[in-house]
Amino acid sequence: MKYMKLKAWHFVVAIILFSGLTRWLGIRDLRRRSPDQTSGYLTELDGTSVADSLSSRWCFVLFYQENSEHCDKMEGALHLLAKNNRHRTGFFKLNPDNYPEYGQKYTISGVPTTLILHDGKEVARIMGVVSQRNLEIIYARTTR
């Protein structure tokens, strides 16, 4: 019986195929979600509603960008958190491209960035994508 020796390029091809397959499956999953799964409990803020919405209670504010895979993932995780906690906490999203003054005010250097505010003051900041479970832990610790 003859054995085939694996060469370095075999592993490179396997890694590329695996990476492509997982990316394709992730994108397919995002496209299958209905709109109410990703944005139903997050209120879109505009220039006139920001000050009133963020000044009076606990708030989670997602700074996002349109057509961003990472922002869509974070929005989905926040949606699930908001679904169970919307009566105690405000959940909002704001596109800093449309309102750059708020991106500057809160020093948003990249998206997705989620700010946790209490009475209009920043209590915590989440930069990037966080899993649903970790988001629940952060929520429990910051809103005590």
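User: Let's start with Glu122. Why is Glu122 called partly exposed?

Analyst: This is a predicted model, and in it Glu122 has a relative accessible area of 38%. Buried needs under 20% and exposed needs over 50%, so at 38% Glu122 lands in between and counts as partly exposed.

User: What makes the pair Arg125 and Glu122 a salt bridge?

Analyst: Their side chains come to 3.0 Å, N to O. The cut-off is 4 Å between a side-chain nitrogen of Lys or Arg and a carboxyl oxygen of Asp or Glu, so the pair qualifies. As for Arg125, its relative accessible area is 29%, so Arg125 is partly exposed too.

User: And what lets such side chains pair up in general?

Analyst: Opposite charges can pair when the charged atoms come close.

User: How many salt bridges does the structure hold?

Analyst: Six. One of them joins Glu69 and Arg23, at 3.2 Å from N to O. Glu69 sits in helix H4 and Arg23 in helix H1, so this pair ties together parts that are 46 residues apart in sequence.

User: Which residues are linked with Glu69 in a network of salt bridges?

Analyst: Arg23 and Lys73; together with Glu69 they make up the network. Glu69 has 23% relative accessibility, which is not under the 20% needed for buried, so Glu69 is partly exposed.

User: How do you know that Glu136 and Arg133 are separated by about one helical turn?

Analyst: They are three residues apart in helix H6, residues 132-142, and that is why about one turn separates them. Arg133 has 54% relative accessibility, over the 50% mark, so it counts as exposed. Glu136 has 32%, so it is partly exposed.

User: Over to H4. How do you know that its span agrees with what it should be?

Analyst: H4 has 17 residues, and at 1.5 Å a residue they should span 24 Å. The end C-alpha atoms are 25 Å apart, so the two values agree.

User: Is His79 buried or exposed, and why?

Analyst: Buried: its relative accessible area is 3%, and the cut-off is under 20%. His79 lies in H4, residues 69-85, and other buried residues of that helix include Cys71, Met74, Leu78 and Leu81. The C-alpha atom of His79 is 5.7 Å from that of Tyr41, though the two residues are 38 apart along the chain.

User: What makes Thr113 buried?

Analyst: Its relative accessibility is 0%, so it is under the 20% cut-off. Thr113 is in strand E4, residues 113-118. Leaving aside neighbours within four places in sequence, Thr113 is in contact with several residues, among them Val61, Phe63, Ile108 and Met127. A polar atom of the Thr113 side chain also lies 2.5 Å from the backbone oxygen of Gly110.

User: Back out to the surface, then. Why does Leu6 count as exposed?

Analyst: Leu6 has 56% relative accessibility, and the mark for exposed is over 50%, so Leu6 qualifies. Leu6 is found in the segment before helix H1 (8-32).

User: Which residues form the nonpolar patch on the surface?

Analyst: Met4, Leu6 and Phe11, with about 370 Å² of accessible area together.

How values were computed: Residues are numbered from 1 along each chain as its sequence is written. This is a predicted model: local features need pLDDT of at least 70, side-chain atom pairs count only at pLDDT 80 or more; totals for chains, interfaces and linings use all residues. Side-chain values use heavy atoms; hydrogens and water are left out. Patches are made of residues with over 30% relative accessible area and no salt bridge: like charges are joined within 9 Å, nonpolar side chains (Val, Leu, Ile, Met, Phe, Trp, Tyr) within 5 Å. Accessible areas come from the Shrake-Rupley method with a 1.4 Å probe; for residues, only the protein chains shown count as cover. Helices (H or I, at least four residues) and strands (E, at least two) are DSSP runs, numbered from the N terminus. Buried means under 20% relative accessible area, exposed over 50%, partly exposed in between (1.4 Å probe, protein chains only). The expected span of a helix is 1.5 Å times one less than its number of residues. A polar contact is a pair of N or O atoms within 3.5 Å; within protein, one must be able to donate a hydrogen and the other to accept it, and residues adjacent in sequence count only if both atoms are side-chain atoms. Contact means heavy atoms within 4.5 Å.
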